[in-house]
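Hi everyone, thanks for coming. Please take a look at the structure on the screen, and I'll walk you through a few parts of it.

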Amino acid sequence: MNSPTPLLRRPNGRPQACEPCRKRKVACDHTQPVCNRCRKKRQAGDCVYLASESRALHAARRLQPPSPLSSASPAVPHSISPDVSETPPDNRGNDRQMGSGYLGFTSFSAVFEETQISLSSVRSSLATPPESSEYSQENPTPDQFTLSPRTREACLFVLKNVPNPSRGKICLRSSPAEAWYYYFLDRVLNSFYEAFGHYFGPQKSDKSLEELATIISKNTTTLPLSDDDDITAYQWIAQFSGSRTRWETLGLLFGFWDFEVNSITIEKSLTQDEYGRPSPVTKKCVDFCVALCHECSTPTNSMLLFVTYRRLIMETIIFGDMSRRSWLFLGEVVALLTFLGYHALPDAPDYQPSFMTEIKRRLYYQIYNTHMVMVSLTGRPPLMSRTYDTTPLPLDIGNSTLYSENEDALIKVADSINHTGWNKDERRFSVTFMRVRAQLAMLREEIMDIALNTRRHTTVEELLALKARESSTVAGFPSFIRYNDSDLEDQRNDVYLLYWKLLMRLDHLLNVFFLERLLLKHGHTQSELLSVSFEMITYTLPFWTHQDTLLPLRGDCEWLIMAYGVPAGGILCQELLRPTLHNDPRITRSSLIQKLSLLVGFLDWIKPTAPNGDLCSKCKSIIKHVLDQALNAPAPAPGFEAAFDWDFTTQVDFDFDLLDTFGWTRADFSLSQQTNA
């Protein structure tokens with residue numbers, strides 16, 4: 001009797017999925033010669049198991065000692081940017097061995113991959129794993145693993161800033177939107193201190209920290225980190241925690257150690273400045289961790305993308321969302337995302353949830369949402385587009401289920417998800433808010449394409465259809481995410497739920513705001529722009545007027561007022577200077593002055609040294625000039641073309657485009673012609 005064909009296995013020890021199941025990102029039962037899924041689909045001829053020949057190259061490369069830190073790396077401060085070479089063997093070929101990452105339909109290899117699959121279907125011998133490959137025993141670790149002087153300096157800088165165990169556990173914070181990070185970071189942090197906590201006691205010394213630096217560098221260089229779709233939560237976390245801690249791990253911990261402390265307590269942290277922003281020292285630690293990952297020739301993986309994205313968030317908090325550095329870091333994050341292929345995850349109709357696929361989806365949309373915020377703030381062309389991206393939304397699944405050690409938990413939870421991906425019982429999870437914001441961001445991408453595309457001709461009918469789709473999308477959100485005016489005064493409401501209700505409302509209004517501006521630009525006269533702007537101001541001001549309730553969200557005020565308050569304020573300023581005919585009873589000369597006065601107070605509260613603080617100061621000057629003009633000069637009658645010059649740039653050093661991302665406050669037509677009728 002013939003012996004059964006041996007199972008192919010991945011580097012993590014898990015069985016290799018057949019090619020149809022692997023490409024559809026669905027679970028394979030590994031039955032040979034044909035798995036049950038392919039048999040049911042009558043695809044027996046396509047069901048082949050292939051061993052990736054490229055993995056042997058990765059395994060060999062991981063066992064090489066690290067190359068020197070590049071002095072040209074933009075992530076490493078020049079003051080201690082390492083540039084001294086190692087004594088171990090030359091790694092000049094590492095770039096060629098790093099792997100080509102995601103390759104799409106037009107890539108040079110696409111046709112050959114199809115040929116290989118066709119060949120495999122007629123040559124069953126290809127299903128037998130090679131005798132000498134990475135699936136045999138691991139290559140021995142080099143006896144000598146040394147760090148160059150500058151690499152050692154970078155490692156020590158990071159490790160000297162690691163807090164002691166008691167402080168480190170207290171400082172690890174996360175907002176509800178990022179609870180899916182915290183769910184595994186909490187375990188990682190505890191395992192890190194269990195394995196290496198003794199290095200950070202009273203007897204901490206450079207010698208002991210250098211020993212630890214060598215261990216972490218060796219882990220980063222030699223230990224594989226698999227992101228295969230069939231890996232479990234326990235297996236994934238075990239790859240970079242405890243005794244297997246990597247530089248990616250520490251980089252992500254540093255990001256969360258500093259980021260959320262001030263949003264939970266007003267107690268001042270030694271690693272934060274007075275505005276609750278991470279200090280330059282902490283930011284430098286994250287920079288060094290990213291640089292050390294590249295130094296150790298780490299293959300691009302999900303953890304490296306995590307920490308690079310976290311570095312972007314810290315950059316925007318310290319230097320503002322519109323800075324050159326923030327935009328450059330956003331470009332790096334998007335480049336890593338597409339290199340990994342997370343933008344092209346398949347949307348299979350028979351998709352069975354898996355831990356790693358859901359993590360990739362969440363990471364993609366976390367980055368996508370941040371990207372669209374920065375695009376709308378700056379008016380710069382998008383770096384990501386759903387035109388080329390196929391990744392579906394993550395399912396509305398709780399973190400306890402996602403990280404469950406019971407592998408059947410994700411399969412069972414599929415029954416609680418409806419056909420659109422929402423939880424049937426409208427349960428509230430952190431990913432729920434991500435899904436809501438992602439759907440609004442996708443609509444905003446369509447709006448940006450119209451607003452920024454100089455060659456596209458758009459009709460009023462197309463804009464009205466997009467506006468209707470915006471309203472229907474919001475109507476389909478879970479009921480608990482909808483904001484009611486009574487929510488702000490209800491002390492029983494959770495502060496973070498209140499925050500998300502306000503933010504989702506503001507995101508929706510901002511989309512409508514952009515659409516109304518575009519409709520006016522295309523000659524549509526039935527405008528609701530003034531009413532939408534009034535609402536945006538109304539829902540932005542509580543972050544300042546209700547500080548007692550929303551105190552934990554103090555760190556978000558700078559970008560909130562720039563993203564929502566300032567554009568709407570520009571429209572109210574124009575209405576105050578040149579009144580129009582409208583039928584909104586809420587909007588009177590008195591109410592406009594009250595809203596703008598409160599907006600000035602909010603802008604004045606943002607100190608010049610805060611992120612975007614200089615822009616807030618300039619916007620405040622503009623609005624104060626408008627209020628002075630309105631209060632000290634007789635108001636023109638509605639519908640009357642007031643002879644007023646709307647150019648204050650001669651009075652203050654300020655680009656008036658800041659009041660509106662797309663320069664729409666510089667009207668091409670008379671605002672007196674607008675009407676809400």
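Let's start with helix α22, residues 529-540, and helix α25, residues 557-577: their axes come within 8 Å and cross at roughly 135°. Keep in mind that this is a predicted model. At that angle, α22 and α25 are oblique to each other, and α22 passes α25 in a left-handed crossing.

Which residues of α22 meet α25? On the α22 side you'll find Leu529, Leu530, Ser533, Phe534, Met536, Ile537 and Thr540. Their partners in α25 include Leu560, Ile561, Tyr564, Gly565 and Ala568. Sorted by class, this contact has eleven nonpolar residues, four polar and one charged.

Now to our second pair. Helix α16, residues 355-378, and helix α19, residues 430-452, have axes that come within 9 Å, crossing at roughly 45°. That makes α16 oblique to α19, and here too the crossing is left-handed. Among the α16 residues in this contact are Arg362, Tyr365 and Met372, while α19 brings residues including Met434, Arg437 and Glu445. The contact of α16 with α19 divides into eleven nonpolar, three polar and four charged residues.

Finally, the core. The largest nonpolar core has 183 residues, and those touching the most other members are Leu159, Phe184, Trp236, Trp247, Leu250, Phe306 and Phe543. Helix α21, residues 495-521, gives the largest share of this core, with 19 residues.

What does Leu159 touch, leaving aside its neighbours within four places in sequence? Its contacts are Phe200, Leu209, Leu212, Ala213, Ile216, Trp247 and Leu250.

Note on methods. Residues are numbered from 1 along each chain as its sequence is written. This is a predicted model: local features need pLDDT of at least 70, side-chain atom pairs count only at pLDDT 80 or more; totals for chains, interfaces and linings use all residues. Side-chain values use heavy atoms; hydrogens and water are left out. A nonpolar core is a set of buried Ala, Val, Leu, Ile, Met, Phe, Trp, Tyr and Cys residues joined through side-chain atoms within 4.5 Å. Buried means under 20% relative accessible area, exposed over 50%, partly exposed in between (1.4 Å probe, protein chains only). Helices (H or I, at least four residues) and strands (E, at least two) are DSSP runs, numbered from the N terminus. Contact means heavy atoms within 4.5 Å. Axes are lines fitted to C-alpha atoms, for helices over the stretch in contact, and angles run from 0 to 180 degrees between N-to-C directions. Angles under 35 degrees count as roughly parallel, over 145 as roughly antiparallel, 65 to 115 as roughly perpendicular and the rest as oblique. A crossing is left-handed if the near helix is turned anticlockwise from the far one by less than a right angle, and right-handed if clockwise. Ala, Val, Leu, Ile, Met, Phe, Trp, Tyr, Cys and Pro count as nonpolar, Asp, Glu, Lys and Arg as charged, and the others, Gly among them, as polar.
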